[in-house]
Structure formats: structure tokens, C-alpha cells
Amino acid sequence: MVAVTRVFAARMAGLSVFGPDGEPIGRVRDVVAALSVRRQPPRVLGLVVELPTRRRIFVPMLRVTRIEAAAVTLTTGSVNLRAFTKRPNEMLVLGELLDAQVRIESASAVLVDSALEQTRTRDWQLTKLAVRERTGRLGRRGPTKVLDWDQVEGLEFAEVTGSPQGVQQLLSMFDTMRAVDVASTLHELPSKRRYEVAEALDDERLADIVEELPEEDQKDLLAYLDDDRAADVLEAMNPDDAADLLAELPEIDKVRLLEMMAPEESEPVKRLLKFSADTAGGLMTPEPLVVTPDATIAEALAMARNPELPIAVASMVFVCRAPSATPTGRYLGCVHLQRLLREPPSTLVAGALDTDLASLPPLAPLSELTRYFAAYNLVCGPVLDDEEHLIGAVTVDDLLDHLLPGGWRHSGLPDREPEEPTSQEAR
């Protein structure tokens with residue numbers, strides 16, 4: 001039999017599922033797709049398969065190697081045998097989507113089927129919808145039409161984006177999503193709904209999301225929040241991101257919010273605002289990993305293990321004389337994470353220093369930064385003042401953020417969403 005790249009969900013119900021060696025596993029009972037608040041075809045996450053024992057399990061689409069007219073074949077690899085439980089950000093195509101009331105060209109219709117189609121990246125999406133129009137005052141059944149997903153109205157999950165319970169449903173969806181994906185979704189929402197979501201999020205989570213929003217959305221959201229909440233969110237943001245945002249505000253608003261922030265949070269932001277945004281001083285984070293020379297390798301590794309630390313920042317530990325907070329005492333050198341992992345834990349970091357790595361001046365322009373990271377194959381580099389004090393570190397992700405064109409986060413993101421937050425394979 002020939003494997004297909006498009007199949008209608010209703011026709012998959014009851015199909016036999018076989019393992020790679022031809023052994024029978026069970027039968028298809030439903031198709032699991034990811035909810036989406038954007039007008040784009042939802043991604044198919046996997047299948048609900050009923051075992052001979054009547055237990056229903058989740059099989060990720062990554063495990064499906066062939067879909068044929070009479071059977072589904074799985075590739076090698078383990079499958080979680082725990083009983084299937086639907087997550088808040090998932091829907092069952094057969095159990096929940098079919099028979100939904102929809103609209104086509106302002107006419108009432110019923111959704112009778114949905115097509116799964118494999119994309120060029122070998123992902124599966126719900127791309128086509130089979131709908132039957134209701135005609136006449138009695139709502140008689142009309143002919144069935146197969147339309148693209150975006151030609152059918154009423155399936156943009158209006159119950160999520162427009163109902164009184166919508167915020168809680170959105171929060172349930174967002175709970176398993178990365179901040180960048182939440183930001184991309186918020187960008188597509190109406191302003192009213194975006195504000196409601198912002199009000200429901202705690203300061204730390206909102207700060208992570210605001211950092212990933214386009215500049216105009218950032219300013220709009222900050223203007224909506226009352227000054228106290230706006231200052232709290234700015235405090236929770238990374239200082240370099242907070243400085244970038246404040247730099248775009250009118251001077252009177254910037255000064256007011258800085259005054260409302262806690263002094264220990266506003267001080268590093270004020271230092272960053274002294275530099276142009278396209279220099280090392282404007283791009284750097286003022287909170288790199290810093291230890292004194294009498295610290296041990298174990299202590300340095302413990303700091304790098306902090307899960308709240310950005311990956312690029314955790315890649316390098318800087319060794320300086322006291323004080324350890326920027327601007328530090330005299331800069332002595334750095335220790336790369338790979339070197340830390342190869343040294344005995346009780347060894348002092350002073351014995352593993354890289355003293356040859358060039359540093360960056362705070363006024364270094366983007367062109368110099370680009371050459372620096374390319375030449376040394378780094379993801380993080382030290383920024384020193386004229387007196388050899390460490391004042392911060394530039395990371396390659398912040399450099400790329402300024403080199404890429406505006407709006408790249410939402411125009412250049414891949415269509416597929418990450419597997420981990422939505423796939424039940426990770427359960």
C-alpha cells in the first residue's frame with residue numbers, strides 16, 4: 001500500500017495500528033491537535049490509540065511512519081503506555097471538532113470532517129475542512145464543501161479569545177508554552193484580550209513575555225499598566241531589556257518609572273541607559289556570573305546551574321577582585337564552562353583562568369562586536385571600563401537581536417511550535 005500525505009480524520013477512526021515489525025498494537029480512536037488562537041492550521045500532535053486491553057494511550061506523530069488506507073504504521077522507539085489525558089491546550093478532532101457549528105461566507109454550516117496533511121517539514125497539520133452548508137429556513141443539509149482552514153469562520157477558538165472564561169483558557173494554554181511563543185500569540189490577540197491576559201499574569205511571567213514582544217507591543221502594554229505595576233514588571237525584566245524598553249519612552253515617562261523602581265533594580269538600568277543601544281555598553285547585561293579568585297570550581301558551577309540564568313550568560317564565569325557586583329574590582333580573567341566541567345571541584349578558579357581572551361570596550365560598535373564573537377567562537381564576552389573593572393557582558397543573543405530586522409520574532413519564526421511544551425510524549 002502507498003503511504004498518503006493527506007487523510008481525513010473521520011476515515012482514520014478504527015484504523016489498525018501496527019508496530020515496525022508488523023505486530024498489531026491497537027486501533028485509532030481520535031486525533032489530537034494543538035489549540036491555536038491564530039488563523040493558521042493547527043498542528044497535529046498525535047493519535048489516541050486504543051490497546052487490546054481497552055486502555056487509550058497517546059502516540060506522538062513523530063512515531064507515525066506511514067498512514068495508509070487501511071492501517072497506521074509506527075516507527076521504532078518507545079511509546080508512553082500511560083492512559084491518555086487531554087491537556088488544556090489540546091483538542092480532539094473527532095470528539096470535539098467535528099459537528100461544530102461554523103460559518104462559510106456568512107452562511108451557517110456544520111463541520112463534518114478535517115484533513116490531516118503532511119507539510120514539507122514532515123509535520124502534520126489540519127489544513128482542510130469538510131463542511132456541509134445548511135439551507136432554507138428549516139436548515140436542510142446542503143452539499144459538502146472542502147475548504148481551507150482560514151476560509152471557515154468560527155474556528156479561531158472564539159470561545160478562547162472572546163468568552164468570559166477566555167482568559168483562564170488562555171492561561172492554561174500559555175502555562176506549557178515558552179515565553180517567545182506566548183508573546184507571538186499575544187501579538188495576534190485584540191488589545192482588550194491582551195490587556196486581560198497581562199492583568200492575570202504574575203510579574204515574573206509577564207516580564208519574560210514582554211521581553212519577547214515587538215517594541216510597539218511592549219510600549220502599548222506598559223502604557224496600559226498602572227505605574228506601580230509597570231515599575232514592578234520592569235524590575236523583573238533583565239536590566240538590558242528594561243533599558244531598551246525605557247529608552248523608547250518619552251523622557252518624562254522614563255524618569256517617572258525609574259524613580260518608582262527599587263534603587264537596587266534601577267541602578268544597573270540607569271548605567272545601561274548612558275550608552276547607545278548599538279554599542280557593547282548598551283547591549284551588555286550588568287549581571288554576569290562573577291566570582292572572586294578564592295572561589296572554588298564547585299562554587300562557580302553552582303552559580304552556573306541557576307535555572308533562571310540565560311544559557312549564554314551561564315557559559316562563562318568572570319573572576320574579579322571584590323566587589324563582585326558590577327562595576328567590579330579589578331578584572332583578572334574568565335573561566336569557560338567547559339573548563340569548569342573538566343577541573344576537580346575543589347580547585348580554585350584562579351588556577352583555571354583564561355587571561356588571554358580580549359575584552360570589549362563599552363563603546364565598541366556592532367561591527368566590532370560581530371567580528372569579536374566570530375573570531376573567538378564565543379556566546380558571551382566581558383565588557384571592561386578604562387580602569388579594568390568589569391561592568392557587564394555582551395551575549396550573542398542580544399547582538400543578534402539588534403542585527404536582525406525589526407519584527408523578526410514574528411515574521412521569521414517557524415510555523416511549527418516546540419515539541420516539548422505541547423507533546424504528551426514528554427509526560
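Mentor: At 58% relative accessibility, Glu264 counts as exposed, a class that requires over 50%, whereas buried means under 20% and partly exposed lies in between, with a 1.4 Å probe and protein chains only. This is a predicted model, in which local features need pLDDT of at least 70 and side-chain atom pairs count only at pLDDT 80 or more, while totals for chains, interfaces and linings use all residues. Residues are numbered from 1 along each chain as its sequence is written, and side-chain values use heavy atoms, with hydrogens and water left out.

Glu264 belongs to helix H12, residues 263-273; helices are DSSP runs (H or I, at least four residues) numbered from the N terminus.

Asp240 sits in helix H10, which spans residues 239-247, and is buried, with a relative accessible area of 4%. Leaving aside residues up to four places away in sequence, Asp240 touches Leu272, Leu283, Met284, Thr285, Pro286 and Asp398, where contact means heavy atoms within 4.5 Å.

Leu403 is found in helix H18, residues 396-403, and is partly exposed at a relative accessible area of 42%.

Terms used: Helix = DSSP H or I, 4+ residues; strand = E, 2+ residues; numbered from the N terminus.
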